[in-house]
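Me: I have a structure open and would like to go through it with you. Please keep the answers plain.

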2 protein chains.
Amino acid sequence: MQRSSYFIAVDWGTSRLRAFLCKVKSDGSLKLVTRRAGLGVSKSALSFEETLMQCISPWEVEYGKLPVLMAGQIGSSIGWKETPYLSSPISPQELAKSCVNFQCNGYNINVIPGLSCKLENNNYDCMRGEELQILGWLQLAEENQVGRHLVCLPGTHTKWVLVEDGKIKLFKTALTGELFDLIANHSVLIQEKVTVFNQGVFNQGVFNQEAFDSGAAFTLNSEMGSLIHGLFSVRSRQLFGQLSAHEATSYLSGLLIGSDVRASMNATEWSLAKMDKVSIIGAPHLSSCFASVLESQSISTEICQVTTTTLLGFNSVFQSINEVNQETA
Amino acid sequence: MQRSSYFIAVDWGTSRLRAFLCKVKSDGSLKLVTRRAGLGVSKSALSFEETLMQCISPWEVEYGKLPVLMAGQIGSSIGWKETPYLSSPISPQELAKSCVNFQCNGYNINVIPGLSCKLENNNYDCMRGEELQILGWLQLAEENQVGRHLVCLPGTHTKWVLVEDGKIKLFKTALTGELFDLIANHSVLIQEKVTVFNQGVFNQGVFNQEAFDSGAAFTLNSEMGSLIHGLFSVRSRQLFGQLSAHEATSYLSGLLIGSDVRASMNATEWSLAKMDKVSIIGAPHLSSCFASVLESQSISTEICQVTTTTLLGFNSVFQSINEVNQETA
């Protein structure tokens with residue numbers, strides 16, 4: 001830690017840029033000093049360089065030009081510096097070694113690559129950004145670094161990640177959040193639109209636990225393939241006075257999350273019954289929704305705070321890069 | 001047939017109005033004389049009366065004010081005359097008896113009610129307009145009026161209809177077509193948008209049978225709940241060079257139709273294995289897509305021409321109304 005005890009972590013996705021000024025303490029642990037936000041890869045009218053500088057340059061006066069670590073869609077084909085997808089299984093050290101390094105405006109910047117994996121059905125899967133949360137989760141407890149574990153990252157796309165002996169082995173993506181958004185806002189199923197999110201924060205007043213539970217129970221317990229035949233019940237339950245539009249929105253969320261959890265319970269790549277627990281890393285409300293559905297199936301869960309976990313992941317990469325630099329120095 | 005040998009059938013849905021001037025021949029069979037189109041329930045800026053008159057009044061000079069039969073969303077809460085949902089099981093005669101009659105601008109108009117049913121899982125289902133196709137299908141062959149039959153009506157929403165001894169017993173709605181539209185046009189899965197429909201007509205050049213088949217095979221043959229975990233392959237197969245954007249659109253269609261057919265094969269309300277065949281009534285391309293997936297599962301199919309079948313349904317209701325009128329005259 002001699003060379004630098006501060007760095008800037010940038011989680012730069014499609015919609016948002018989140019920059020964190022981090023201090024690495026002498027024992028290697030991390031402290032979040034401050035944060036700033038900016039526009040995502042597909043949102044900013046400025047160049048990527050201008051967008052980044054606008055966000056982090058105010059810190060220059062006090063801290064100088066700190067090393068920058070970036071992850072997310074900024075490393076994709078629609079981003080600034082395209083990084084390859086690295087093949088899983090992969091260790092944190094291998095991931096850190098493959099960062100794409102460049103200089104910009106006096107800053108030393110490393111972009112963390114995304115990951116790909118090949119599933120048993122020969123389909124590929126991929127992620128960009130979520131790998132940081134897994135790296136961070138590995139740092140949360142020593143027991144996470146041995147044996148098989150399943151980590152669930154709910155969001156626009158749910159990622160179910162199988163971790164084995166400290167390596168990211170494989171993962172599956174489910175469209176759960178995006179389908180919720182499309183169906184709740186653009187389909188005939190819910191005519192009276194309910195504002196579920198306001199500036200990215202879940203509108204808690206909208207949520208109805210009972211309706212959510214009945215939706216989840218429907219897809220968890222009914223015949224195979226029930227999602228495509230079950231979705232229409234979101235509309236028919238309103239037409240026949242069983243649900244209000246608000247309740248129908250929670251019911252839809254339950255249907256989709258129930259279907260996602262059921263698919264994970266039936267996945268051929270892992271056996272949920274053999275896992276001690278599923279670790280969940282995501283926004284608080286969504287995480288607790290996934291936890292309640294998993295717990296209803298007698299699967300233990302552990303919810304991890306998303307920003308803390310992500311920053312631990314950045315710290316893990318930062319330390320690996322520093323070690324390599326010290327070795328080669 | 002003494003009282004009138006001509007009538008106007010109006011299939012008036014959310015997007016489109018289709019009016020058919022029909023002649024009932026002396027043997028009771030139907031001849032389509034001519035047709036006109038207009039705007040659907042949610043599309044016209046004019047009143048319902050003006051929209052209808054604009055469409056059918058040009059026929060007055062030659063034919064006078066013919067009896068009008070209407071079906072579809074025009075009888076819903078967003079339509080002109082709201083009709084109740086009648087409970088299934090129901091016979092064509094019972095349906096015809098429950099038409100809502102009114103006079104407008106010298107025309108005698110009957111609106112055919114929609115249907116509802118309660119499924120084994122206690123969810124309700126409902127339809128408006130598709131019941132005409134079932135009534136028409138019952139007229140296609142005497143054998144259709146005895147025993148159990150399954151009729152598949154693909155469209156924005158697929159309707160799977162169980163017919164037993166000449167009555168509509170129950171039915172299930174799948175969101176297949178609407179999900180296709182939402183995902184193909186509004187999700188991250190397909191970045192390069194492909195014009196699949198042009199003014200309601202399928203763009204045949206877009207369709208790739210091989211990609212469609214591989215999508216259908218995926219949801220037909222993989223583990224339970226594969227739809228929500230399988231959808232992401234639409235994107236990953238493009239990212240990893242296995243499908244072009246055009247092919248991905250056909251692959252997505254296969255995934256969804258495969259999932260719909262699989263759900264029907266696993267439905268608790270009927271046993272597809274015990275049916276001689278599945279009758280399919282829908283647009284030609286979509287019907288052949290459903291037929292190919294069903295046939296791949298060794299289920300025989302029969303495709304029925306949609307306009308012919310719909311008009312036979314209108315004729316069936318028209319004749320029932322005439323019989324009732326003659327009895328009461």
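Reply: One definition to start with: a helix axis is a line fitted to C-alpha atoms over the stretch in contact, and the angle between two axes runs from 0 to 180 degrees between N-to-C directions. Also keep in mind that this is a predicted model.

Me: OK. At what angle do the axes of helix α6 and helix α10 of chain B cross?

Reply: Roughly 50 degrees, and the axes come within 11 Å. In chain B, α6 covers residues 209-221 and α10 covers residues 284-296.

Me: Which residues make the contact of α6(B) and α10(B)?

Reply: On α6(B) they are Gln209(B), Phe212(B), Ala216(B) and Leu220(B). On α10(B) they are Cys289(B), Ser292(B), Val293(B) and Ser296(B). By class, the contact of α6(B) with α10(B) has five nonpolar, three polar and no charged residues.

Me: Now chain A. How do α9 and α10 of chain A pack?

Reply: Helix α9 (residues 245-265) and helix α10 (residues 284-296) of chain A pack at about 60 degrees, and their axes are 10 Å apart. α9(A) and α10(A) are therefore oblique to each other. The crossing is right-handed.

Me: And which residues of α9(A) and α10(A) make the contact?

Reply: α9(A) supplies Ile257(A), Gly258(A), Asp260(A) and Val261(A). α10(A) supplies Leu286(A), Cys289(A), Phe290(A), Val293(A) and Leu294(A). Sorted by class, the contact of α9(A) with α10(A) holds seven nonpolar residues, one polar and one charged.

Me: Change of topic. What domains does the assignment give for chain A?

Reply: Domain 1 spans 6-143 and domain 2 spans 175-266. The centres of the two domains of chain A, taken over C-alpha atoms, are 33 Å apart.

Me: How is chain B laid on chain A?

Reply: By a turn of 180 degrees with a shift of 0.0 Å along the axis, giving an RMSD of 0.0 Å. That is the relation of a two-fold axis. 100% of the interface residues of chain B are also interface residues in chain A, so the copies meet through the same surface.

Me: Last topic, the backbone. Is the peptide bond of Ser88(A) and Pro89(A) cis or trans?

Reply: It is cis, with omega about 0 degrees. Pro89(A) is in the loop between β5 (85-87) and α3 (92-97) of chain A. In chain B, the bond from Ser88(B) to Pro89(B) is cis, with omega near -5 degrees. Most peptide bonds are trans.

Me: What about phi of Asp165(A)?

Reply: Phi of Asp165(A) is near 50 degrees, a positive value in a residue other than glycine. Asp165(A) lies in the loop between β11 (158-164) and β12 (167-174) of chain A. Most residues other than glycine have a negative phi.

Key. Residues numbered from 1 in each chain as written. Chains lettered and ligands numbered in written order. Predicted model: local features only at pLDDT ≥ 70, side-chain atom pairs only at ≥ 80, totals over all residues. Heavy atoms only, no water. Helix = DSSP H or I, 4+ residues; strand = E, 2+ residues; numbered from the N terminus. Parallel < 35°, antiparallel > 145°, perpendicular 65-115°, else oblique. Left-handed = near helix turned anticlockwise from the far one by under 90°. Contact = heavy atoms within 4.5 Å. Nonpolar A, V, L, I, M, F, W, Y, C, P; charged D, E, K, R; others polar. Least-squares fit on C-alpha atoms with pLDDT ≥ 70 in both. Domains from an automatic or database assignment.
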